[in-house]
Amino acid sequence: MHSDLAKKIMDFCLDAGASFAEIYEEETRKSYLSLKDNAIEGASASIIYGIGIRMLYGTEVLYGFTSDSSEDVLLSIAKNLSLTRAQTGERAKMSDYSPMRSYTSFSKDCFKDPCILGQSYKKDFLFAANSAARINSKIVQLEASIADSVQNINIWNSEGLQVSDNRARTRFSVNVTAGEGSERTSSHEAPGALGGFEFLDDLPIKELSASCAERALRMLSAPYVKGGQMPVIMGNAFGGVIFHEACGHPLETEAVRRQASPFCGKLGEQVAQPVLTAIDDGTLSGVWGSLAVDDEGMPTQRTVLIENGILKNFLSDRVGAKELNLPLTGSARRESYKYAPVSRMRNTFIAPGDSDLEQMIASADNGLYAAKMAGGSVNPATGEFNFAVEEGYEIKNGKLGDAVRGATLIGLGHEILPKISMVGNDFELAAGMCGASSGHIPVTVGQPSIKVDSILVGGR
């Protein structure tokens, strides 16, 4: 879109009484290739193009979108939005545009562009995963896939902002199922990166796939866990999904401003033990959830959420920051032009501590070591969560015992935080996808191993 047309649309929005106007233009190219049981199962490719127009009346949001970039259609959308609200107040002042600022969220060093290399580049990686995982006749199914996207966005707003960003992401996924009789267990890995196909060249795909198979076989022969209230050592990397879901979402201003967070009114208060520091950082180079700028055009940043147990910050977008009188944190995100941006996480993690895993296990008399977490569910308003343990082991008399399966961790996020008494030094990150009111976006979770002094473990 030419900047003259963008200015014309925003002038119209301000004349209609809006206090702020914004245009978000996007073109995204996506492709996907999957393998199942020794053969390529599916392939897809798509191009997404569209424009979203947002009008703010204070903190009231009006939003419309289209895939038609013609002037008449865009002005019609702005007009229809304005008609849903009576004009009030004086016209906001339209600022002159600052020079166009262009960003590249991924490093262009050694960048292998998925748009150029295409689907055929992925096949060898998928077949390598398939071969590496078939270590035993009890491996009954393997699914693997590679997905990539290259997104180009332009943002204009009535404060004079004019920003463009180019983002590329690549993700590999493998799911291995072991079976014997009617019993089935599965194991999953899905690393991703902000970047192109150079990510695949550096990825230990054979080792990841074989490790998945070994884990699925271990759990297949394991007995079911005996549930109850007990200490739990939670493993690193994807173990951070519980903090993300049960604590991270309630720390977004989208929840706080609606009074739908257990952390409302608690800035500056002790919400965890001093061993715990939690961070959301969008600036990590090459990491799946990173960005150069957010989807309002704000530079991304490192935001300390909890420091030594004290609640320090919330994650904000423009609306949340204005309503709650908070600074912007570069956390406004959206799946595509079809969504208005809201405050969302980027790379969210519990920072490393001083303990090691052996110390944590030795400190737990009888409990559970949840070495690897799987999926689950959470109520963001209350922090209630229920997450499955993909790989678990008994802890008996401070020593690691036999493998167990079928465990779930059940609790309230804000109530679990004060029970985290030890934080490990084995920090790792893991890629994921997060769904909320502005759609599904790439995020990263993470943590070192941590000890929760008491949590309800569900069993069979």
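Residues are numbered from 1 along each chain as its sequence is written, and side-chain values use heavy atoms, with hydrogens and water left out. In this predicted model, local features need pLDDT of at least 70 and side-chain atom pairs count only at pLDDT 80 or more, while totals for chains, interfaces and linings use all residues.

Lining residues have an atom within 4 Å of a point. Grid points are joined across faces, edges and corners, and a volume is the space filled by probe spheres set on the points. Helices (H or I, at least four residues) and strands (E, at least two) are DSSP runs, numbered from the N terminus.

The largest pocket holds about 890 Å³ of space. Its lining comprises 41 residues, and Phe238, Lys372, Ala430, Ala431 and Val445 lie nearest the centre. Elements that each supply at least two lining residues include helix H6 (205-220), helix H7 (241-248), strand S16 (366-379), strand S21 (428-436) and strand S22 (439-447). The most is given by S16, with seven residues. The lining has 20 nonpolar, 12 polar and nine charged residues, where Ala, Val, Leu, Ile, Met, Phe, Trp, Tyr, Cys and Pro count as nonpolar, Asp, Glu, Lys and Arg as charged, and the others, Gly among them, as polar.

The second largest pocket has a volume of about 650 Å³. It is lined by 33 residues, of which Lys30, Ser149, Trp288, Met433 and Pro442 are the closest to its centre. Strand S6 (162-180) is among the elements that give two or more residues to this lining, as is S22. The largest share, seven residues, comes from S6. This lining divides into 12 nonpolar, 11 polar and 10 charged residues.

One cavity of 30 Å³ or more was counted. The largest cavity contains about 100 Å³ of space. Among its 13 lining residues, Ile242, Phe243, Ile416, Ile420 and Ile450 are the closest to the centre. H7 gives the most to this lining, with three residues. By class, the cavity lining has 10 nonpolar, three polar and no charged residues.

Strands S21 and S22 also belong to an open sheet of six strands, in the order S12-S11-S10-S15-S22-S21, with mixed pairing. Two strands pair if DSSP finds at least two bridges between them. Strand S12 (310-311) and S21 stand at the edges with a single partner strand each, so one side of each is left without a neighbour in the sheet. Helix H7 packs on the sheet, and its direction makes about 120° with that of S22; contact means heavy atoms within 4.5 Å. Axes are lines fitted to C-alpha atoms, for helices over the stretch in contact, and angles run from 0 to 180 degrees between N-to-C directions.

S15 and S22 run parallel, joined by three bridges, and Thr348 has Val445 as its bridge partner. Nine bridges pair S21 with S22 in the antiparallel sense, and these strands form a hairpin with two residues between them. Eight of the nine residues of S22 are buried, that is, under 20% relative accessible area (1.4 Å probe, protein chains only).

Methods: 1 Å grid on protein atoms, 1.4 Å probe; cavity = no way out; pocket = protein on both sides within 12 Å on 5 of 7 lines; lining within 4 Å. Buried < 20%, exposed > 50% of the residue type's maximum accessible area, 1.4 Å probe, protein only.
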